[in-house]
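Reader: Please take me closely through one part of this model, the sheet. Then show me what surrounds that part.

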2 protein chains.
Amino acid sequence: MSEPAGMLDPELFGACPVPQSRYDQIVLGHGGGGLLTNELIQRLFVPAFRNDVLEALEDQATLRFGTDNGVKAPRIAFTTDAFVVRPLFFPGGDIGKLAVHGTVNDLAVGGARPLFLSAAFILEEGLPLADLKRIVASMRSACDEAGVTLVTGDTKVVDRGKGDKVFITTSGLGLVPEGRSLSIRSARPGDCLVVSGTIGDHGIAIMSVREGIEFETVLESDTAPLTDLVRVMLDACPSIRAMRDPTRGGVSSALNELAEASGVGVRLDEAAIPVGAEVRGACEMLGLDPLYVANEGKLIAVVPAEDAERLVAVMRTHPLGRNAALIGQVVAEHPGMVTLRSIVGGERVVTLLSGEQLPRIC
Amino acid sequence: MSEPAGMLDPELFGACPVPQSRYDQIVLGHGGGGLLTNELIQRLFVPAFRNDVLEALEDQATLRFGTDNGVKAPRIAFTTDAFVVRPLFFPGGDIGKLAVHGTVNDLAVGGARPLFLSAAFILEEGLPLADLKRIVASMRSACDEAGVTLVTGDTKVVDRGKGDKVFITTSGLGLVPEGRSLSIRSARPGDCLVVSGTIGDHGIAIMSVREGIEFETVLESDTAPLTDLVRVMLDACPSIRAMRDPTRGGVSSALNELAEASGVGVRLDEAAIPVGAEVRGACEMLGLDPLYVANEGKLIAVVPAEDAERLVAVMRTHPLGRNAALIGQVVAEHPGMVTLRSIVGGERVVTLLSGEQLPRIC
């Protein structure tokens, strides 16, 4: 993606340590989960709303509500995500399923038990009610599968040409058990990185529909609720330090954020990363790197080295973890940076996605 | 608004007691807060998600989170709203302020103390970053004024022509004090209805910008956080049974929902309803009824008759309640129906808005 010329007005962002972006308008890349999204958050949202919970930049905020009687209140995890995926219906899922799974997973990977959801719909005039009904039914069954209840909602309608059929924003609440504390700031040198399965399936499934790519078998999105897999993992291995679901921006974004937040380096082993044959083929054909492609039913866990093999073995007993693999280590070298030892030898830096690879993937 | 011909597919909605709508597509009226919004909720969303909390149709869901140790957990109120107002900036406010106030007010009128917000942005490619920065700064100051903290967020970008600059969905969490229980199901015959000030200001302010109507003074939106007014009211008058903020669909929608939920009738006295001179003039010119026009900083309270005068007096000591007035009674007759005794004499039914009066008002 080419960038428009001209410097951004420094007044707009004030003094900040990050180099000035050259954008003065929103571009698709600001929604891609990579470098530009990161800049928007760090330069515009965080300075404006400045508070400790937001600045932790976890996928969910963990809150404690005071009580009148001085009783120690439970910790509540709170998260929100907007979904603008197109097409609305795709192999393996639809926008409704994605909107439930995405929010449930943000709670689950933070160690919370997802309990309640809200949904706000922005509908475009002319949307067939049959499509809305299908999406809503899909959300209900996704809620049931994930064990959450949708308790409140809202609907707005925009005029034709001012929206795109359906956008859905879900927010979620979950209960964080006492004593549990997962955080992307907790990774330590020596820890191992485990992925729950093949990467890139969601992004390539969406891409294949949009671009009309034919595969020998239908390539489906991996969209799934991770609640039960996370429960099994934490029961077997309470030493897990952090988890992330590598959605927009893929494994690259999730691990760069982890490296940055924990002040550690991450070293990946390309040969160990599970990638399905069709995703690999499609990526080669389209010139994409699977590390940057979105997933909607996968997670990455950071675990002390002594527990890593056992964790992988436990994950493989779960349907959503049967391709789980140890894919790399946390290192003391190159803090804030992710590197990859490639199959053909040599090591390269895995940077944050700098443009927009696949717009509107979730 | 004319309706397309042809009956709605009965398969789509299944058996339901409400007469079949003639729409098979989303129209602007489905977002208007009147009859069509009501139909969409009752026929599509409620049957799909069926659960007690959602079916209560309060403006917020009240939840209790179990704790491991059997301690009685606090009650948490949870609400969500999408904001699609145009223009983004209008006299008295902007979409950011509205997005904070709207969600804070939904919590406050439920008797909760608003504490935390989330915000999800759907941005259209090409939005000037300066506009986004201005909106976000406005949200921050609205949060500060309302005493809430924005703790988590999300940003998505859609391609040019597939959105309309900025849509914002906010979700909110508040703490409901033990023993407090406000509900639109609690109105009883004999109760009085109190409004906190002049009605229709927000809707007419937006309309005047869109239509280029000139007033002698600038007519401003009433958008404001009701947290403090509600606190003062409940401190002085704990007998208050229910409150609602009459936003989309105006006073008419709020009171029809109340009458329906409580199984009571509502009788309004037109002469007692405060309407500003400019709003009255604009409504006459545009053929609008102020009862259907949106408010963003007003509330209606249901209170036992013996406390009504005192409540009005207390409200008038607060800047946001200085035009508070007793506007009607809850009656046993005509349950589910709102009537108005007009200034010129005679009584008419105030029905739910049946089409779309002012699209994208919030």
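Predicted model: local features only at pLDDT ≥ 70, side-chain atom pairs only at ≥ 80, totals over all residues.

Author: Strand E10 of chain B pairs with strand E13, residues 338-341 of chain B, through four bridges. These two strands run parallel. Within that pairing, Arg267(B) stands opposite Thr339(B) of E13(B).

Strand E10, residues 265-269 of chain B, pairs with strand E12, residues 325-331 of chain B. This pairing is antiparallel and has four bridges. Here Val266(B) has Val330(B) of E12(B) as its bridge partner.

Now turn to chain A, where the order of a whole sheet can be followed. Seven strands of chain A form an open sheet, in the order E9-E11-E8-E12-E10-E13-E14. The pairing in this sheet is mixed. Two strands pair on one side only: E9, residues 242-244 of chain A, and E14, residues 347-349 of chain A. They are the edge strands. Neighbouring strands of the sheet are turned against each other by 25° on average, direction ignored.

E9(A) is joined to strand E11, residues 300-303 of chain A, by three bridges. The two strands run antiparallel. Ala242(A) has Val302(A) of E11(A) as its bridge partner. A helix packs on this sheet: H10, residues 305-316 of chain A. H10(A) touches E8, residues 192-195, as well as E11 and E12, residues 325-331, of chain A. The direction of H10(A) makes about 10° with that of E8(A).

Next, the setting in the chain. The domain assignment divides chain A into domain 1 (10-55), domain 2 (61-176) and domain 3 (192-349). UniProt, in an unreviewed entry, lists "domain: PurM-like C-terminal" for residues 188-334 of chain A.

What does domain 3 of chain A meet? In domain 2 of chain A, 20 residues are in contact with 22 residues of domain 3 of chain A. The centres of these two domains, taken over C-alpha atoms, are separated by 24 Å. About 1,700 Å² is buried between domain 2 and domain 3 of chain A. Carbon and sulfur atoms give 64% of that area. Three residues stand out on the domain 2 side: Pro91(A), Asn105(A) and Val109(A). They supply 35% of the area that domain 2 of chain A buries against domain 3 of chain A, more than any other three residues. Zero salt bridges are found across this interface of domain 2 and domain 3 of chain A.

Last, some backbone details. Most residues other than glycine have a negative phi, and most peptide bonds are trans. In chain A, the peptide bond joining Arg86(A) and Pro87(A) is cis, with omega about -5°. Pro87(A) is found in the loop between strand E2 (75-83) and strand E3 (89-90) of chain A. In chain B, the bond from Arg86(B) to Pro87(B) is cis, with omega near 0°. Pro87(B) is placed in the loop between strand E2 (75-83) and strand E3 (89-90) of chain B. Leu57(B) is not a glycine, yet it has a positive phi of about 50°. Leu57(B) is in the loop between helix H3 (52-55) and strand E1 (61-64) of chain B.

Key. Residues numbered from 1 in each chain as written. Chains lettered and ligands numbered in written order. Heavy atoms only, no water. UniProt positions renumbered as here; feature names shortened; annotations may be inferred. Pairing = 2+ DSSP bridges. Axes fitted to C-alpha atoms, helices over the stretch in contact; angles between N-to-C directions. Contact = heavy atoms within 4.5 Å. Domains from an automatic or database assignment. Buried area = accessible area lost by both parts, 1.4 Å probe. Salt bridge = Lys/Arg side-chain N within 4 Å of Asp/Glu carboxyl O.
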